Amino acid sequence: MFKKILHFAVKNMALFVVLIGVIGANWPWTLSWVGPVIPWMLGIVMFGMGMTLKTADFRFILQRPWEVAVGAFAQFTIMPFVAWALVKIFALPPELAIGVILVGTCPGGTASNVITFLAKGDVALSVAMTCCTTLLAPLVTPVLTYWLAGSWIEISLPGMMLSIAKMVLLPVLGGLFINTHFESRVAPIRGCMPFVSVVCIVLLVGGVVSMSASRLFESGALIAVVVVLHNLFGLLLGYGMARLFRLSPAKTRAVAIEVGMQNSGLAASLAVMYFTPAGAIAGAVFSVWHNISGSLLANYFTRHDEEKAAAAGETSGSVRS
C-alpha cells in the first residue's frame, strides 16, 4: 500500500506543486509557517539524494572525466548566461531578476536522474553530473551569481557559500556516508526518502508562493514565460553542446536533461534567505515546469526510439522477403 502511495506521490509531484501553489497564493496564511524552515526542508531533500548515492557514483567521475567535464561545463555556462540574457531582454526588476539568475547558477536537480532513465539516456552520467555540480555549487553558484548580478544587487558571497555548504553539501555527504556504511540498516528509511523529498519540495514551493502571493499575481505570467524559455533553451543548448563534443545519443540525452533541469529548490531557498520572497517565484515556477517539460521530453525520446526500431524492423523484413 505504501509503495502505491509513494509511486503516486512521486509520479504526480508536479500536480501537487500546482495545487499547493494555488493554496499559497489564495490563502497565504495557511503556509506562513513554512518560511523559517525552508533551509531545513532543502537539507532533508539533499540528504535523501545523498542516501541514493554510492561511492561508485563518484568513481565514475574519475573513470569518465571528459564526459562529466563536458556536462558540468554546459551546466555552469548555458543556464547562467541564458538567465542573464532573459533578464536583460525582458527588463525584469532586480527583485525578480535575481531569482532567474539564481535558477541559472544552481546545480542540476535530482529529478534529472529519473527523467534521464525514462528518456533512455545514460543514467550513470546523469548521476555523476548531479554529484559533480552539487559538489561544485558552494563555490561556483555564489561566484557566478555575484558576477552576473553583483553590479545591481548586493550579494553576500561568503554567506552564500556557507549556506550552500550547509544546505546542500553537508546533507549530501551525510546521506552518502550513512548509505555507504549502514546500507542494510537504513534500507527502510531509504525507501521512504523519495516520499519525504516530495513532501518537502511541495511545501517549500507552497511556502515561497505564500510569502510572495501579491507579487505573484502581478508578475506571475511574465515570470512563467521567462522560466519556460530558460528551461527550453537549457534543454536545446545542452543537447547541442553534447552533440558538438560528439557524445553518444544516450549521453547527449543525459547532458541535455541535466542542463535543463535545475535545483530550483536551492534557488528559491537562497532567494528567501538573501534577497526577497519575490525572488523565489522563479524557483517555485521552475519546480513545476521542469518536471512537466522533462517528462514530455522523455516521452518524445521514447516514442522516437520505438518508431526507429519499428522502421528498422520493417526494413529488415523487406530485405529478407
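This is a predicted model: local features need pLDDT of at least 70, side-chain atom pairs count only at pLDDT 80 or more; totals for chains, interfaces and linings use all residues.
Residues are numbered from 1 along each chain as its sequence is written, and side-chain values use heavy atoms, with hydrogens and water left out. Local features need pLDDT of at least 70 and side-chain atom pairs count only at pLDDT 80 or more, while totals for chains, interfaces and linings use all residues.

**View 1. Glu67 and Arg64 join up in a salt bridge.** A salt bridge here is a side-chain nitrogen of Lys or Arg within 4 Å of a carboxyl oxygen of Asp or Glu, and searching the whole structure turns up 4 of them. In this one, N to O is 2.7 Å. Glu67 counts as buried at 16% relative accessibility (buried is under 20% relative accessible area, exposed over 50%, partly exposed in between, with a 1.4 Å probe and protein chains only). Arg64, at 24%, counts as partly exposed.

**View 2. Asp122 pairs with Lys251.** Their closest N and O atoms sit 3.7 Å apart. This pair links distant parts of the chain, 129 residues apart: Asp122 is in the loop between α7 (111-118) and α8 (123-149), and Lys251 is in helix α12 (residues 249-260). Helices (H or I, at least four residues) and strands (E, at least two) are DSSP runs, numbered from the N terminus. Both Asp122 and Lys251 are buried.

**View 3. Asp305 meets Arg253 in a salt bridge.** Here the closest N and O atoms are 2.7 Å apart. Asp305 belongs to helix α14 (residues 281-320) and Arg253 to helix α12, so the pair ties together parts 52 residues apart in sequence. Asp305 is partly exposed, with a relative accessible area of 22%, whereas Arg253 is buried, at 8%.

**View 4. Arg64, Glu67, Asp122 and Lys251 form one network.** What joins these residues is salt bridges that share partners.
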